[in-house]
Amino acid sequence: MASFLDRLLKRDPDALPKNVRVDRALELVADGAQLVDVREQSEWRSGHAPQARHIPMGRLTNDARRLKQDVPVVVMCASGSRSRTAAAQLRSMGYQATSLSGGLAAWRMAGGAVR
């Protein structure tokens, strides 16, 4: 059976929605999407998804090059506000990016791993 990400991208390679609920974000990451946490260093140290890359919002323009351009990106923050802005910024740079609605709190409540 094809993954959610495969099904989505086969229909339309630009079809990644601007925002996704946590259940979809978990599916996307499980299917190989990159997870980026744009919170500040102190927030990151207080707990983060183990598979996330930490790129604070203020460094996104310079550090986006650490991301694979051909792999979708799920962006998370504490609540979903900064991640919306960061995902839009990544899309303007040519990445397929979406924001996790509800942020780390939603991730944790849905059973997403946090360390």
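**Close-up views of a predicted model**

**View 1. Q34 in strand β2.** Strand β2 spans residues 34–37 and includes Q34. The model shown here is predicted. Q34 has a relative accessibility of 10% and therefore counts as buried, the cut-off being under 20%. From the side chain of Q34, a contact of 2.8 Å extends to the backbone oxygen of V71. Leaving aside residues up to four places away in sequence, Q34 touches L67, K68, V71, P72, V73 and V74.

**View 2. Helix α5 and its buried face.** Helix α5 comprises twelve residues, 81–92. The distance from its first C-alpha to its last is 17 Å, close to the 16 Å expected at 1.5 Å a residue. S83, A86, A87 and L90 are the buried residues of α5. Viewed down the axis of α5, these residues fall within an arc of 100°, so they line one face of the helix.

**View 3. Surroundings of helix α5.** The packing partners of the buried residues of α5 are α4 (60–63), β4 (73–76) and β5 (97–100). After α5 comes G94, which has a positive phi, near 100°.

**View 4. The protein chain as context for the close-ups.** Six helices and five strands make up the secondary structure of the protein chain, in the order α-β-α-β-α-β-α-β-α-β-α from the N terminus. The chain has 115 residues, of which 44% count as buried. Of the contacts between residues at least 6 apart in sequence, 62% join residues at least 24 apart. The accessible surface of the protein chain is about 6000 Å², with 50% belonging to carbon and sulfur atoms.

Note on methods. Residues numbered from 1 in each chain as written. Predicted model: local features only at pLDDT ≥ 70, side-chain atom pairs only at ≥ 80, totals over all residues. Heavy atoms only, no water. Helix = DSSP H or I, 4+ residues; strand = E, 2+ residues; numbered from the N terminus. Expected span 1.5 Å × (residues − 1). Buried < 20%, exposed > 50% of the residue type's maximum accessible area, 1.4 Å probe, protein only. Arc of directions from axis to C-beta. Contact = heavy atoms within 4.5 Å. Polar contact = N/O pair within 3.5 Å; in protein donor to acceptor, adjacent residues only side chain to side chain. Areas by Shrake-Rupley, 256 points an atom, 1.4 Å probe, with all protein chains shown as cover.
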